Amino acid sequence: MQLFEEKEIGGMTLKNRILRSATLEHMGTTDGAVTPLMEKVYEELAANEVGVIVSCALYVNEAGKLAKDQSGLENDARIGEWKNITDKVHAHGGKIVAQIHHGGARAVVTPVNVNTLTVDEILALEDDFVAAAVRAKAAGMAIKTKVIAGIVAGAVVVGGITGVA
């Protein structure tokens with residue numbers, strides 16, 4: 001059956017075609033850190049043969065949080081936390097994709113009106129996405145971007161500058 005056969009997508013070899021979609025899990029700390037419960041959930045998904053796990057929505061800057069208990073990739077302290085999860089997923093033969101995002105108009109800290117962003121604000125947001133992508137890569141993850149309210153279109157990026165998770 002094809003569901004349980006290996007598949008290559010964008011340079012990433014998947015052990016099967018079972019994918020856990022992105023979520024907003026509400027399992028992070030108020031400062032965006034990973035919790036032991038999150039580690040357990042990701043490891044259990046991989047141990048139970050989920051071939052690809054798309055992470056929870058990881059905010060790229062504090063202003064872009066969608067929830068007070070959301071995890072982020074907004075600073076370098078998060079690299080080790082997500083590397084630990086990535087290593088657990090990889091130990092079970094799974095792949096993990098970081099969904100990096102900004103909450104846009106739905107952000108709980110600083111909602112963004114896309115119609116009023118200045119060029120400097122757009123460039124700063126772009127820098128935040130790049131920095132979060134670099135952190136995800138350092139943690140061994142592939143990358144998916146998402147911004148609520150249409151600031152940028154979501155796209156899955158595997159291979160290329162992101163590396164293969």
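This passage walks through a predicted model of a single chain, from its overall layout down to a few individual residues.

The model is predicted, so local features are reported only at pLDDT of at least 70 and side-chain atom pairs only at pLDDT 80 or more, while totals for chains, interfaces and linings use all residues. Residues are numbered from 1 along each chain as its sequence is written, and side-chain values use heavy atoms, with hydrogens and water left out.

The chain has three helices and seven strands. Of the 165 residues, 44% count as buried; here buried means under 20% relative accessible area, exposed means over 50%, and partly exposed covers what is in between, using a 1.4 Å probe and protein chains only. Contacts (heavy atoms within 4.5 Å) reach across the sequence: among those with a separation of 6 or more, 72% join residues 24 or more positions apart.

Now for the inside. In soluble globular proteins, nonpolar side chains tend to be buried together. A nonpolar core here is a set of buried Ala, Val, Leu, Ile, Met, Phe, Trp, Tyr and Cys residues joined through side-chain atoms within 4.5 Å. The largest such core has 26 residues, and Y42, L73, W82, I100 and M141 have the most contacts inside it. Two or more residues each come from helix 1 (36-47), strand 4 (52-59), helix 2 (77-91), strand 5 (95-102) and helix 3 (119-138). Helix 3 gives the largest share, five residues. Apart from this core lies another one of six residues, including M12, L14, V52 and V54.

The structure also holds one cavity of 30 Å³ or more. On a 1 Å grid over the protein atoms alone, a cavity is a set of points where a 1.4 Å probe fits but cannot get out, and lining residues have an atom within 4 Å of a point. Grid points are joined across faces, edges and corners, and the volume is the space filled by probe spheres set on the points. By that count, the largest cavity has a volume of about 40 Å³. Its lining is made up of L24, E25, H26, M27, G28, M38, C56, A57, D69, Q70 and S71. These split into five nonpolar, four polar and two charged residues. For that tally, Ala, Val, Leu, Ile, Met, Phe, Trp, Tyr, Cys and Pro are nonpolar, Asp, Glu, Lys and Arg are charged, and the others, Gly among them, are polar.

One of the lining residues, H26, sits in the loop between strand 3 (19-20) and helix 1. H26 is partly exposed at 43% relative accessibility, and its phi is near 60°, a positive value in a residue other than glycine. E49 also has a positive phi, about 75°, without being a glycine. E49 belongs to the loop between helix 1 and strand 4 and is partly exposed at 41% relative accessibility. Most residues other than glycine have a negative phi.

K83, in helix 2, is partly exposed with a relative accessible area of 34%. Leaving out residues up to four places away in sequence, K83 touches A138 and A139. K83 and K137 are 54 residues apart in sequence, with 9.3 Å between their C-alpha atoms. A136, in helix 3, is buried because its relative accessibility is 0%. Beyond four places in sequence, A136 touches L73, A98, M141 and I143. A136 and T86 are 50 residues apart in sequence and 9.8 Å apart from C-alpha to C-alpha.

Lastly, K68 lies in the loop between strand 4 and helix 2. K68 is exposed, with a relative accessible area of 65%. K68 still touches T29 and T30, not counting residues up to four places away in sequence. K68 and T29 are 39 residues apart in sequence, and their C-alpha atoms are 7.9 Å apart.

Technical notes. Helix = DSSP H or I, 4+ residues; strand = E, 2+ residues; numbered from the N terminus. 1 Å grid on protein atoms, 1.4 Å probe; cavity = no way out; pocket = protein on both sides within 12 Å on 5 of 7 lines; lining within 4 Å.
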